[in-house]
Amino acid sequence: SVAMKHLREKELIVVSDAGFITLTEEGLAQAEAIYERHTILTTMFVNLGVPEEIAAEDACQIEHILSDESFDAIKRHLEEKLH
């Protein structure tokens, strides 16, 4: 698929001759960062009263376009609220 081609070109995945897909070290780092964004954004929306399914859908869309600066500010804000 086109998405898999882009991931290979960016050296985020390796596809074996047998068709097995493995994340590279950088691919894993990026996947973990996106998962952290998804988790934090979903939790934030749920805490604001958004139903969990909608919160997860919104987080899915936002996590890819939100700047690092804005995400870091949200993360700091939420961490301060917990302490």
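**Exercise 1.** Work out which residue forms a salt bridge with Asp 68, and where the two partners lie.

*Solution.* Asp 68 pairs in a salt bridge with Arg 37, and their closest N and O atoms are 2.7 Å apart; a salt bridge here is a side-chain nitrogen of Lys or Arg within 4 Å of a carboxyl oxygen of Asp or Glu. This pair links distant parts of the chain, with Asp 68 in helix 4 and Arg 37 in helix 2, 31 residues apart. Helices are DSSP runs (H or I, at least four residues), numbered from the N terminus. Turning to accessibility, Asp 68 is exposed at 51% relative accessible area, whereas Arg 37 is buried at 8%, where buried means under 20%, exposed over 50% and partly exposed in between, with a 1.4 Å probe and protein chains only.

The model is a predicted one, in which local features need pLDDT of at least 70 and side-chain atom pairs count only at pLDDT 80 or more, while totals for chains, interfaces and linings use all residues. Residues are numbered from 1 along each chain as its sequence is written, and side-chain values use heavy atoms, with hydrogens and water left out.

**Exercise 2.** State how many salt bridges a search of the whole structure finds, and describe the other pairs.

*Solution.* The search finds 3 salt bridges. One of them joins the side chains of Glu 36 and Lys 75 (2.5 Å, N to O). That pair also links distant parts of the chain, since Glu 36 is in helix 2 and Lys 75 in helix 4, 39 residues apart. Both partners are partly exposed, Glu 36 at 30% and Lys 75 at 23%. Another salt bridge joins Glu 9 to Lys 5, with the closest N and O atoms 3.8 Å apart. Because Glu 9 and Lys 5 are 4 residues apart in helix 1 (residues 2-9), about one helical turn separates them.

**Exercise 3.** Decide whether Glu 63 is buried or exposed, and find what its side chain contacts.

*Solution.* Glu 63 belongs to the loop between helix 3 (52-62) and helix 4 (68-82). Glu 63 is buried yet has no salt bridge, and the nearest side chain of opposite charge, that of Arg 37, is 8.0 Å away; in this count Lys and Arg are positive and Asp and Glu negative, while His and the chain ends are left out. The side chain of Glu 63 does make a polar contact with the side chain of His 64, at 3.3 Å; such a contact is a pair of N or O atoms within 3.5 Å, where within protein one must be able to donate a hydrogen and the other to accept it, and residues adjacent in sequence count only if both atoms are side-chain atoms.

Note on methods:
Helices (H or I, at least four residues) and strands (E, at least two) are DSSP runs, numbered from the N terminus.
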